[in-house]
Amino acid sequence: MHAMHPLRITVNGQEHRADIDPRRSLLDFARDSLNLTGPKKGCDHGQCGACTMIVNGRRINSCLSLAVSHEGDEVTTIEGLAEGSDLSALQRAFVEHDAFQCGFCTPGQICSATALLDELKEGLPSVVSSPDKLAEMDEEIRERMSGNLCRCGAYNNIVAAISSVAGDKS
Amino acid sequence: MKPFDYSRLDSPDALSPLGAGKFLAGGTNLIDLMKHEIETPDALVDVTRAGMKEISQQPDGSIRIGSQITNTDLAANSDVRQNYPVLSEALLWGATQQLRNKATTGGNFLQRTRCQYFYDTARACNKRDPGSGCDAMKGLNRFHAILGASSSCIAVHPSDMAVAMAALDAEVLTRKVDGVERRIPASELHRLPGDAPERDHVLENGELIMAVDLPASPPRLQSYRKIRDRSSYAFAVVSAAVALDLDDGRMSNVRIALGGVAHKPWRASRAETALEGQMPSREMFLKAMKEEMSEAQGHGHNDFKIDLLPRVVAGVLRDLTAPERNGDRT
Ligand SMILES: Cc1cc2nc3c(=O)[nH]c(=O)nc-3n(C[C@H](O)[C@H](O)[C@H](O)COP(=O)(O)OP(=O)(O)OC[C@H]3O[C@@H](n4cnc5c(N)ncnc54)[C@H](O)[C@@H]3O)c2cc1C
Ligand code: SF4
Ligand code: FES
Ligand code: FES
């Protein structure tokens with residue numbers, strides 16, 4: 001018999017304690033134990049980005065991460081982005097730009113884009129940036145969002161939505 | 001997924017044969033393989049909270065990178081971007097932002113092949129199941145090796161980072177369970193498959209990668225080029241990391257490492273020797289790479305790599321040695 005493991009983790013500002021099977025992914029823990037069903041299980045193998053969450057300020061694929069390894073971490077899911085009923089700027093932009101069709105990929109897209117805005121502020125490079133400056137914003141967004149697939153192909157409107165907010169920032 | 005015991009390593013000093021298990025770093029490769037039950041460890045030792053999280057300049061001018069530094073942080077480091085740009089580029093050409101945020105320097109080196117038969121537990125694969133055969137040999141082998149392969153395995157190592165590390169003459173610092181430390185040149189960390197393809201690398205069981213050293217004064221001109229099937233988020237069909245200096249217009253300190261062609265990052269030493277001291281020209285580049293390819297062998301779907309690779313390397317060398325670019329940089 002393999003032991004359960006204690007876990008203390010903060011999700012969307014709320015601390016949780018649990019005894020969990022070390023095999024449980026962060027994605028399954030959020031969906032099944034915390035009933036946060038925004039993050040989606042698209043592929044469960046790190047290939048589609050539907051499960052994207054922000055952990056200690058960085059976006060990750062929560063399907064490829066064991067919940068038990070997140071002791072003490074601060075996690076944000078799509079459920080944690082709005083302030084009450086006030087949507088975040090990106091959430092509003094996705095609505096305004098019609099940046100989804102079925103909506104399955106959307107929670108991952110928006111978490112990913114939220115972290116992307118911080119990465120731009122922080123000056124993190126991408127492969128399309130040149131040594132001292134960013135490429136054209138839409139090109140940066142396409143490259144930096146390539147870990148989020150959209151089966152409905154809403155890509156053009158997703159780029160437009162993110163660009164409208166990223167443009168405001170710069 | 002098979003059940004396993006989970007524990008955390010607090011520091012490399014706490015390594016012991018008793019606590020032995022498979023190391024868990026970012027988990028982006030290991031957890032994936034455990035879900036497929038290709039990896040079935042009885043115990044996981046989480047090393048992400050064991051320190052090894054610094055990038056520091058050493059007294060001799062070399063740069064030491066802790067094994068827990070993420071691919072994101074390594075690619076963004078200002079010393080690395082300035083003096084080892086080929087490494088930053090290679091990292092950024094790999095995977096996606098989400099994966100690079102978790103992937104670590106140590107884990108990236110030790111990621112396993114993406115050969116589709118290795119992943120498919122219903123197929124024969126000597127790497128996954130020694131002695132079972134190799135379905136890639138007569139199967140879909142477009143991504144497979146053209147150099148250094150054997151009759152038991154034609155898989156390639158998939159890392160972009162490791163190719164740049166090989167070109168930079170980086171050294172991997174490890175510690176074994178008995179506390180003995182050693183330094184291994186990055187280009188000798190992985191092995192050729194021979195008759196034991198189940199062994200990807202030369203590390204012993206329980207040997208921990210602590211850090212990687214980048215030598216001081218790398219060649220000034222550097223570049224990474226990756227040929228892939230999509231414009232983002234795809235493993236290399238082939239790739240090349242090139243570093244060199246120009247001395248009175250002649251090429252010197254030429255280092256070329258190739259990805260997507262062998263079971264390990266492939267140092268093109270024949271081509272390097274052929275180019276050293278020569279004036280740059282397309283004929284020279286192609287001649288040197290032709291020499292490197294003299295023992296290359298295709299397996300059907302991947303024959304095209306033998307023609308493609310010299311042209312990729314010639315293109316990188318042309319761009320690096322073009323007078324305008326060189327002038328820019330001095
Ligand atoms: C969809 C997808 C696309 C990808 N695309 C690319 C790509 O284009 N280019 C590319 O290069 N990579 C790509 N990757 C692979 C990715 O770069 C690797 O999964 C990652 O670098 C592994 O690092 P990790 O820290 O997550 O390792 P883990 O998964 O934690 O570990 C990998 C292996 O290394 C061992 N290990 C880890 N740390 C140490 C240590 N310090 N000492 C000794 N052993 C250790 C583990 O035991 C395990 O065997 C992709 C991955 C995915 C899922
Ligand atoms: S090439 Fe290697 S990894 Fe792929 S099926 Fe053959 S033995 Fe397995
Ligand atoms: S569900 Fe995690 S990347 Fe697809
Ligand atoms: S909106 Fe349907 S998958 Fe993206």
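Predicted model: local features only at pLDDT ≥ 70, side-chain atom pairs only at ≥ 80, totals over all residues.
Student: What are the corresponding counts and the distance between centres in chain A?
Tutor: In chain A, 16 side chains are positive and 24 are negative. The distance between the centres of the two sets is 3 Å.

Student: In what order do the helices and strands of chain A follow one another from the N terminus?
Tutor: Chain A holds five helices and five strands. Read from the N terminus on, the order of these elements is β-β-α-β-β-β-α-α-α-α.

Student: Why can chain A be called as compact as a globular protein of its length?
Tutor: Along the principal axes, the C-alpha atoms of chain A fill a box of roughly 55 × 35 × 30 Å. For 170 residues the globule rule gives 15 Å. Chain A is close to that value and therefore as compact as a globular protein of that length, since its radius of gyration is 16 Å.

Student: What is the radius of gyration of chain B, and what does the globule rule give for 330 residues?
Tutor: Chain B comprises twelve helices and twelve strands, and its C-alpha atoms fill a box of roughly 60 × 50 × 35 Å along the principal axes. Chain B is as compact as a globular protein of 330 residues, because its radius of gyration is close to the value from the globule rule. The radius of gyration is 20 Å, and the rule gives 20 Å.

Student: What percentage of the contacts in chain B with a separation of 6 or more comes from residues 24 or more positions apart?
Tutor: Of the 330 residues in chain B, 57% count as buried. Chain B exposes about 13400 Å², with 47% supplied by carbon and sulfur atoms. Among its contacts with a separation of 6 or more, the share from residues 24 or more positions apart is 64%.

Student: What percentage of the residues in chain A is buried?
Tutor: The accessible surface of chain A is about 7800 Å², and 46% of this belongs to carbon and sulfur atoms. Of the 170 residues in chain A, the buried ones make up 54%.

Student: Which residues of helix H10 of chain B are buried?
Tutor: H10(B) spans residues 282-292, and its buried residues are B:Met284, B:Phe285, B:Ala288, B:Met289 and B:Glu292. They lie on the same side of H10(B), because they cover an arc of only 120° around the axis. The cover over them includes strand S11 (250-259), strand S12 (266-267), helix H9 (269-275) and helix H11 (304-321) of chain B.

Student: How many of the eight residues of helix H4 of chain B are buried?
Tutor: H4(B) covers residues 85-92 and is mostly covered. Its buried residues include B:Pro85, B:Val86, B:Leu87 and B:Leu92. The number buried is seven.

Student: Is A:Gly147 buried or exposed?
Tutor: A:Gly147 lies in the loop between helix H4 (137-144) and helix H5 (155-169) of chain A. Among the residues it touches are A:Cys48 and A:Gly49 as well as B:Thr96, B:Gln98 and B:Tyr233. The relative accessible area of A:Gly147 is 2%, and the cut-off for burial is under 20%. A:Gly147 is therefore buried.

Student: Is B:Ser231 buried or exposed?
Tutor: B:Ser231 is placed in the loop between strand S9 (221-227) and strand S10 (238-247) of chain B. B:Trp93 is 138 residues away in sequence, yet the two C-alpha atoms are 9.8 Å apart. With a relative accessible area of 71%, B:Ser231 is exposed.

Student: What is the phi of B:Ser217?
Tutor: B:Ser217 is in the loop between strand S8 (208-214) and S9 of chain B, and at 70% relative accessibility it counts as exposed. Most residues other than glycine have a negative phi. B:Ser217 is not a glycine, yet its phi is positive, at about 50°.

Key
Residues numbered from 1 in each chain as written. Chains lettered and ligands numbered in written order. Heavy atoms only, no water. Helix = DSSP H or I, 4+ residues; strand = E, 2+ residues; numbered from the N terminus. Rg over C-alpha atoms; globule rule 2.2 N^0.38 Å. Buried < 20%, exposed > 50% of the residue type's maximum accessible area, 1.4 Å probe, protein only. Areas by Shrake-Rupley, 256 points an atom, 1.4 Å probe, with all protein chains shown as cover. Lys, Arg positive; Asp, Glu negative; His and termini not counted. Charge placed at Lys NZ, Arg CZ, Asp CG, Glu CD. Arc of directions from axis to C-beta. Contact = heavy atoms within 4.5 Å. Lists of a residue's contacts leave out its neighbours within four places in sequence.
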